[in-house]
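Colleague: I'd like to learn how to read a model like this one, feature by feature. Can you walk me through it?

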Amino acid sequence: MTNTTAVRRRPRWPWVVLVIVLVLGALVAVGELVARAVVPNTIRSLVISHLDLPAEQQLDVQVPGVILPQLISGTLDEVKVASDEVTIGGITGSARVTASEVPVSGGALGAAQGTVSVDQDEFASLLDASQLPVSGIELAAPNATIEADLELFGSRIPVGLTVTPAADDGDLLLTPVSLMFNGAAVDLDAVSGLAGAAGAAITEPQRICVADRLPAGITLTGLRIEGSRAVADIAADGRITVDSTLLDPGTCPRP
């Protein structure tokens, strides 16, 4: 009887193990669902607070991969933040930013970079510090055409200057491509020679500091025209999450 009972009871243990595995799996699945609901909302609140954005700011946050193991390790591998319309430093546009090695308990980021896309009017506002008397602007990839009034021989003459925008060492760089003078195409070198300082100002490459339009911890690393919008590449200092001075506006000229 004893041997028979033992034989009958022996097969029960695989079922016990299976039940335990299923319960643990269910707990992990529930924990992952909770993490996916809580973590992005927490990050959204922190971003809005740090950047002093409106509470109702549209902001999408994604954490790729399985979150629970990342939480246990104390570091999120990657966090993606996006908004179709956000205003930072007086500039309004759509933004996409990816941060890597994000500490769960707070601390400096491993790295952060992204893009900001702005329309013609916002791009034109970046030219306020230039030497160009801008009266209008049109973006058409890969160039921007600037309408300006050039003072020449005591008169103001309308010109259309086509430039290729780019970024160089954190500054906005405008490289002239062509020039329309009273509706007619003219040679850039000829205008520079004939119009003196005024001609040189409108025909030579112009470097424009935009650091004062961005937080001090964010640097312009690239700029291009896509369709009728300007797309800027940016990089953030990883300490921007722990050093509040990096959220203050930068200065021009840059140090």
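This is a predicted model: local features need pLDDT of at least 70, side-chain atom pairs count only at pLDDT 80 or more; totals for chains, interfaces and linings use all residues.

Colleague: What does Arg 224 form with Glu 226?

Modeller: The general idea is that side chains of opposite charge can pair when their charged atoms come close. Here Arg 224 makes a salt bridge with Glu 226, with 2.9 Å between the closest N and O atoms. Arg 224 also meets Asp 233 in a salt bridge, at 2.8 Å from N to O.

Colleague: How many salt bridges does the count come to?

Modeller: The count is 7 salt bridges. One of them is between the side chains of Asp 237 and Arg 239, 2.7 Å from N to O. Salt bridges with shared partners also tie Asp 168, Asp 171 and Arg 207 into one network. Back at the Asp 237 pair, Asp 237 is partly exposed at 25% relative accessibility, and Arg 239 is partly exposed at 46%.

Colleague: Let's step back to the fold. How many helices and strands does the protein chain have?

Modeller: The protein chain has 6 helices and 12 strands. For strands, the general idea to carry along is that in a regular strand the side chains alternate between the two faces of the sheet. Then look at who pairs with whom: E11 and E12 run antiparallel and are joined by 8 bridges.

Colleague: What do E11 and E12 form, and how many residues lie between them?

Modeller: They form a hairpin with 2 residues between the strands, and Gly 227 in the turn has a positive phi of about 65 degrees.

Colleague: Which other strand is joined to E12?

Modeller: Strand E4, residues 111-118, is joined to E12 by 7 bridges, and the two run antiparallel. A handy residue for seeing this is Ala 235 in E12: it is the bridge partner of Gln 113, and Ala 235 is also the bridge partner of Thr 219.

Colleague: Now the cysteines. How many disulfides does the structure hold?

Modeller: The structure holds 1 disulfide. The partners are Cys 209 and Cys 252, with sulfur atoms 2.1 Å apart. To place the pair in the chain, find Cys 209 in the loop between strand E10 (206-208) and strand E11 (218-226), and Cys 252 in the segment after strand E12 (229-236). The two are 43 residues apart, so the pair links distant parts of the chain.

Colleague: Why is the disulfide left-handed?

Modeller: Check the torsion about the S-S bond: for Cys 209 and Cys 252 it is about -85 degrees, so the disulfide is left-handed.

Colleague: Is Cys 209 buried or exposed?

Modeller: Cys 209 is buried, with a relative accessible area of 19%; the cut-off for buried is under 20%. Cys 252 is partly exposed, at 34% relative accessibility.

Colleague: Where is Ala 144 found, and is it buried or exposed?

Modeller: Ala 144 is found in strand E6, residues 143-152, and Ala 144 is buried, at 0% relative accessibility. Setting aside neighbours within four places in sequence, its contacts include Phe 123, Ile 137, Leu 161 and Thr 162. Ala 144 and Phe 123 are 21 residues apart in sequence, with 9.7 Å from C-alpha to C-alpha.

Colleague: Thr 162 came up there. Which strand is Thr 162 in?

Modeller: Thr 162 is in strand E7, residues 155-168, and at 14% relative accessibility Thr 162 counts as buried. The side chains of Thr 162 and Thr 145 are joined by a polar contact of 3.1 Å. Beyond its sequence neighbours within four places, Thr 162 is in contact with residues including Asn 143, Thr 175 and Val 177.

Colleague: And for the whole chain, what share of the residues count as buried?

Modeller: Of the 255 residues in the protein chain, 35% count as buried. The chain exposes about 14,600 Å², and carbon and sulfur atoms supply 59% of that. Of the contacts between residues at least 6 apart in sequence, 50% join residues at least 24 apart.

Technical notes. Residues are numbered from 1 along each chain as its sequence is written. Side-chain values use heavy atoms; hydrogens and water are left out. A disulfide is a pair of cysteine sulfur atoms within 2.5 Å. Helices (H or I, at least four residues) and strands (E, at least two) are DSSP runs, numbered from the N terminus. Buried means under 20% relative accessible area, exposed over 50%, partly exposed in between (1.4 Å probe, protein chains only). Contact means heavy atoms within 4.5 Å. Accessible areas come from the Shrake-Rupley method with a 1.4 Å probe; for residues, only the protein chains shown count as cover. A polar contact is a pair of N or O atoms within 3.5 Å; within protein, one must be able to donate a hydrogen and the other to accept it, and residues adjacent in sequence count only if both atoms are side-chain atoms. Two strands pair if DSSP finds at least two bridges between them. A salt bridge is a side-chain nitrogen of Lys or Arg within 4 Å of a carboxyl oxygen of Asp or Glu.
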